[in-house]
Amino acid sequence: MKAAILVLLFFMLTNYGVGQSGHVPQKNNTPPIRFTKKKIASESYESVGVFDVNNDKVPDIVSGGFWYEGPEYRIRQAIGAAKRYGEYYDDFSTIPLDVNGDGHMDFVTGGWFGGKLVWKENPGDEGEWADHVIAEVGNIETTRSWDIDGDGVVEIVPNTPNDSLKIFRLILDNQGKGTGKFKSFAITDKHGHGLGFGDINGDGRGDLVIPSGWLEAPKKPFEALWKFHSEFELGTASVPVLAVDVNEDGLNDLIVGQGHDYGLYWYEQTPEEAKDKKWLKHAIDPFNSQYHSMEWADLDVDGTNELITGKRYRAHNGKDPGGNDELGLYYFRWNGENFSKQVIDYGAYGVGKGTGVYFSVADLNDDGRKDIIVAGKDGLVVYYNERVDQK
């Protein structure tokens, strides 16, 4: 009851609109956003990616055992079922990557229960996609990809809370194409729930963020040791943890959701001389739970990114604090002093929409505006981002 009252109070103090073709009111001169909600499927996979599966130059939607052909997303093609464990499919990411260099986009996934990082091979025509094991890495919370060494090709980094943190680098041939093989690099030991990437110390290299601190990237990230800095405790942190300069002071800050509890916060990085308070914690939304995944993208085409996130529906099958609260999908605007919450969709199961562990932000209809594509145990939905002309 207390949590419900706090949520109500918070909503009364924030601007919000409703997801089904709802207008989001604004307090500044930025044009408002209208999202048109389109349900694609009732499948309960928790990951969705966007890429061109059939090389027709139109983005397709890929989620779990199926891909949906753009631009209408009505035609569904089978990929091959992921193994199911109770309410979960062992499919916790959809990272597009042409792994074998054949010109057809594959994707990387993996799961908690099987403990295997795999890539699924795009056959180039109709038919199931072959599974290829990259490595057995232990329980995978979810996986992300970042260009660790700046060579233009992403590396694969699974969050394996109970095991060592490893980076997987795609081996390229002499023409720069994928060979279907990866090389692994161990960075640190057991590292906990949560993972992020960004330049923390301003040296131009991307560092890794884990719940208990950050790992400083050396000049040669796949040859030298990564130095650990124990400067904070983030709890059951989101994947990803965003490393971005929120207040534009030249220092990257952290945006962190609690994946299995209440709370969404940003941690302000202070100048080096303020060593007694290196990271200042600020609340963004302490009243909603299971902020497990998030993206940082420009939704309103004003040159400034927004924070897009929401509640992961039944992250631990309703056993987390707030696990049975209403569902929500939101974006947050930074106004120079704090984050202003905008509700894209909200409500009980079947009305509102939550997120899974991996969602996508992409321009599906080539109108110059990024749409939001969200999977989860509550289905697969597209939110088309449409500009509303101000009168």
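Over how many bridges do strand β27 and β28 pair? Select residues 327–334 for β27, and you will find that β27 and β28 pair in the antiparallel sense over eight bridges. Strands here are DSSP runs (E, at least two residues), numbered from the N terminus, and two strands pair if DSSP finds at least two bridges between them.

Before going on, a word on what is on screen: this is a predicted model, where local features need pLDDT of at least 70, side-chain atom pairs count only at pLDDT 80 or more, and totals for chains, interfaces and linings use all residues. Residues are numbered from 1 along each chain as its sequence is written, and side-chain values use heavy atoms, with hydrogens and water left out.

**Stop one: the hairpin.** Stay with β27 and β28, which form a hairpin with four residues between them. In the turn, pick glycine 336, whose phi is positive at about 100°. Next, click glycine 328; its bridge partner in β28 is tyrosine 346.

**Stop two: rings.** Rings of Phe, Tyr and Trp (its six-membered ring) pair if their centres lie within 6.5 Å; planes under 30 degrees apart count as stacked, over 60 as edge-to-face and the rest as tilted. By this rule there are 16 aromatic pairs. One of them, tyrosine 313 with tyrosine 349, is stacked, at 5.3 Å centre to centre and 25° between the planes. Tyrosine 313 sits in the loop between β26 and β27, and tyrosine 349 in the loop between β28 and β29, 36 residues apart. Tyrosine 313 is buried at 15%, whereas tyrosine 349 is exposed at 54%.

Back at tyrosine 330 and phenylalanine 332, the centres are 6.3 Å apart and the planes at 65°, so this pair is edge-to-face. Tyrosine 330 is buried at 1% relative accessibility, and phenylalanine 332 is buried at 0%.

**Last stop: another sheet.** Select β9 to β12, an open sheet in the order β9-β10-β11-β12 with antiparallel pairing. β9 (95–97) and β12 (130–136) stand at the edges, each with a single partner strand, so one side of each has no neighbour in the sheet. Finally, find glycine 110, opposite leucine 117 in β11.

Technical notes:
Buried < 20%, exposed > 50% of the residue type's maximum accessible area, 1.4 Å probe, protein only.
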